[in-house]
Structure formats: C-alpha cells, structure tokens
Amino acid sequence: MLIEITGGYMKRGFSTLLGALLAVALPAHGQSTPDTETIAALTDKHVQGSFPMLKELLSIPSDAHFPDHVDANVKWMTAAFDSRRFKTTVLESGGPPLLLAERTVQNATKTVLIYLQIDGQPVDPTKWNQESPYKPVLKEQRGGNWQQIDWSNLEGELNPEWRVFARAASDAKGPVAMFLTALDILEREGLEQTHNVKVIMDFEEELGSPHLPAAVEKYKDALSADMLLIYDGPRHTSNRPTLVFGARGIATVSLTVFGPRRPQHSGTYGNYVPNPAMRLAQLVAGMEDADGRVTIPGFYDGIAITDETKAVINSVPDDEPAIRRFIGFKTPDAVAPTYQESIQYPSLSVLGLESAWVGNQARTIIPATATAELDIRLVLESEPEKLVGLVRQYIEDQGYHVIAGTEPTEQERQTYDRLISFDYEISYAAFRTPLNDPAGDWAERALVRAFGEPPIKIRTGGGSIPISPFVKSLGVPAILVPAVYIDNNQHSPNENLRLGNYIDGIRGYLAILTQPD
C-alpha cells in the first residue's frame, strides 16, 4: 500500500511500513557499558564505513527556501531512520514538515528527545573553492592553503586534520551523520541502548524555524520526553568535549530611511536635499557608544550577574588573546570584562547596510532610500517584545515618523521631516538549563566515559537555536552536545567538517546512547 503524505513532501511505501513494524521495544543485549577505550576502538573500527553515508547526505541540496530541497531531505532522513528500526512520522507544520523518529527499549526508565537540524544556509557557488557546495570534497592544508585530495584517501590511514568541504558539513548534517553512525555501531556490536530515543528533525532552522513553536505545541504529546539534547553547534575554542546549557534567542529588525522620491544629482542638490544614507548612518551609530555598549535606555535592564555566577561563567578556559588574534581584532567591546560574561547580555548588531551603489557602480547621486538590517540577541532575563519596543522608541525619539507601509504617502512626505519604515520578527526566545540539572550530570558522565575527561560546561552560548519552544511547551531541560570544530566557516562559503571532530562526535553520541541512568 502506498501512503500519500499531505503537503507534497513525500510518499512512503513498504519500507516505512516495515520500519513501523520493526519499531517495537528492542531487547537488552546484556552487554556491559563500554568504557573509554572500547568506545574509541569501536569508533575507529566503524568510522570508515560511514563515509559513503556522510558523502551522500551532504550531496543533497539543503536550502529550505526550495521545497524540492526539503522534499529530498525528508525522504532521505525517513529512509535512514526506517532502516535503523525507528518508527517515523511526518508532522505537518504549515510549512516544511518536522520528522519524528522513535525507538524504544525494554525496561528503559527515561526518554531522551534529540534535536537534529537538517537544512543548511543558502549558497553562493561563486565563493566556493570547489565545483559545487553540494559536491563534498576532501581537503588537506598545504602551505596555509586548503588543497583537494581524492576521496579515496578516507579508505586508508586517517588524518584528523583533513576536512570535508560542503554546505551543511558542520551546520549541521555532520552531527546527523555522527549520530547515525553511532546507532549503527550500537546495532552491529550488540550494545545496549539504555533509554528510549525520540529524534525530532527540523528542515527550516536556517530560516528561523517560523513554524516550529506552533508545531511543538500541537504535537507536544508525541514529543514528550525527560530531557532534550541538541546535536548542533561548535565545541569550545579549545576543541575539548563541551556541554552548553543555554543559548540566546534572536529577533531581527529591518529599517529603511526615506529621502527624495527618486535619486537626485548630488551636485545640483547637495546641501539641500537630505541624504537618507547619512541619516541612517547617524541613527544606527547612535545606538552604541564608542566602547560598544548599547546606549538605548533600558536595554540591559534585568541583567544581574552574581559573584557566584561569574565564577561559574569564567571557569570556562577561554584564551581570549588567542580568540582575538584568530578573529583579527585588538580590543573587544566593553559590555563586560570577559567573553563569557559578555554573552550573558542582550546584543544589538548591524547585519548590513545598503544604499545606492558602490565600487565601479558608484554615481554622484543623493539616494532615495537607505536600509539597515539589525539583530537583537536575546537572553533569558530580557523580554523580546520589550527590547524591540525600546529600539523603536529610540528611533522615534530621534525625530522619526514610522510609516505604516513600505512607502511613505505624499501627505507623509510633506508632513514629517524624517521618515522610516520599521519591520521586525521575533524568531525565538532564549533558554537556559541550570548547570546542576540531573540531565546535565547524566550527559557529563557520558562524555567523561567517551573521552576520559570532564567536558567544559558553558552556561550560555552566543548563538541562537530554536529550542525555547520545546522548553516552554514540553517543560524539559535542554542541553547542547556540540561536536564540530569552531573554525569551520559555519554559515560562510567553504564550510567544512574537521575529520577529527567527526570521529569524536561519533564517540560522544555512542557514549550517550549507552549511558545508564
């Protein structure tokens, strides 16, 4: 029988039915919990067999703007989990669907929900140093440059410094392949899965997961679990095993300042017609002082970091001079005295500015408009709508009239001196799990067993992921278990996955699958 899934994303036939029939409770194999040496040996034994799967997964285009990309990835992930004896269910969301995969074991007392991101950032192929971002290539560094080597090198002795270059290699299909490989090792070696596993797959994370909050609320019974693990994000800069207990949320703001109805000759009208590019530059520059602190009144209200919390935050072994050298700047903004403290506060960033033309397209005109894209990174203590409102109030206090549409009316042009459009979107809020939560202790024990050392524990990561809907609707503690290297061109051209981190990720996820309560 052929089953048609509404929305046009996929069809499922006999393989799905077989997967559902096999997704009964797995028997315990009776194997003892594998120790550090065993986990490492088993990973080394099976990792080479996983490279064809990794290459195949990275070869599927993954830009969520395109329904055919989403369709192909939903089909691939469904088949991958069906073949591993999971029961898979497509959860319609009003946009790209979510995919839920479930596998239970006898006598398990806990259920772990695992979040996997499947889509990747859009691509500009002209900026990639290879034929296509969706044709994975293996590279090694020679003389400071990355040189392509034949994929068949992965059949021999492995160099942990080799990297696989492809869109979504690190963010976040690499972790998906790590997890699938850990599941394969579990099965082939007869190891015991110690807890029930649910996997929720998001196919539009890079678009801000706009349909996720409503979907999580709609399907909260199906998603119920004791804890949530997020297999995404980079490790600490030291590349040591890492657990991250929170992430900032994100809101975006788009501003357009209006000048003349159409561009005007700068010689004829310079000093007479107001220049919207200049006005926008003045407006956004006034949002921060010379030391990088947001000047908007009330922006940091509610943030109080105790001495005890500071001690925990600053126990993270950051080498800040090395971070600054790596990124290429001398003095950090003065929001807080350390990097870890700085990301406990909300931030306001200019993502891009656009007005008229530059370079060999520059022309002597006063532009008609100037646009700025901003983001606000949210923390648990600050209310998203309030921060957006503070930004809007600041703009109005500078004498701007906010128009209702995308273009000012003629009446508005003749009534107000300064005109601006203001559009915003709150993608998702921040979340944070206490560092002493039992779920964190359990995950820490697993990583100690995987690597023989305690992981670095980070209170809040600087990036944003759409996890707060799960925390709010399901009431579960959420923890990131990152695996990829921080220097991986995430979101940029020539994104890559360090081979040593791929291997370590398999080790970590295998330890979690076999970690007793």
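Biologist: In which helix is glutamate 37 found?
Modeller: Glutamate 37 is found in helix H2. A helix here is a DSSP run of H or I, at least four residues long, and a strand is a run of E, at least two long, both numbered from the N terminus. This is a predicted model, where local features need pLDDT of at least 70, side-chain atom pairs count only at pLDDT 80 or more, and totals for chains, interfaces and linings use all residues. Residues are numbered from 1 along each chain as its sequence is written, and side-chain values use heavy atoms, leaving out hydrogens and water.

Biologist: Why is glutamate 37 called exposed?
Modeller: Its relative accessible area is 57%. Exposed means over 50%, buried under 20%, and partly exposed in between, with a 1.4 Å probe and protein chains only. So glutamate 37 is exposed.

Biologist: What makes valine 294 count as buried?
Modeller: Valine 294 has 9% relative accessibility, so it counts as buried. It is found in the loop between helix H8 (276-285) and helix H9 (307-313).

Biologist: What does valine 294 touch?
Modeller: Leaving out residues up to four places away in sequence, valine 294 touches Met287, Glu288, Phe299, Tyr300 and Leu348. Contact means heavy atoms within 4.5 Å. Leucine 348 is 54 residues from valine 294 in sequence, yet their C-alpha atoms are 7.1 Å apart.

Biologist: Why are H2 and H4 called oblique to each other?
Modeller: The axes of H2 (residues 36-58) and H4 (residues 173-188) cross at roughly 135 degrees and come within 9 Å. Angles under 35 degrees count as roughly parallel, over 145 as roughly antiparallel, 65 to 115 as roughly perpendicular, and the rest as oblique. H2 and H4 are therefore oblique.

Biologist: Which residues make that contact?
Modeller: From H2 they include Leu42, His46 and Met53, and from H4 they include Val176, Leu180 and Arg188. By class, the contact of H2 with H4 has 9 nonpolar, 5 polar and 2 charged residues. Nonpolar covers Ala, Val, Leu, Ile, Met, Phe, Trp, Tyr, Cys and Pro; charged covers Asp, Glu, Lys and Arg; the others, Gly among them, are polar.

Biologist: How do you know that the radius of gyration agrees with a compact globule?
Modeller: With 517 residues, such a globule would have a radius near 24 Å; the chain has 25 Å, so the two agree. The radius is taken over C-alpha atoms, and the rule is 2.2 Å times the number of residues to the power 0.38.

Biologist: How many helices and strands are in the chain?
Modeller: The chain has 16 helices and 23 strands. Of its 517 residues, 53% count as buried.

Key: Axes fitted to C-alpha atoms, helices over the stretch in contact; angles between N-to-C directions.
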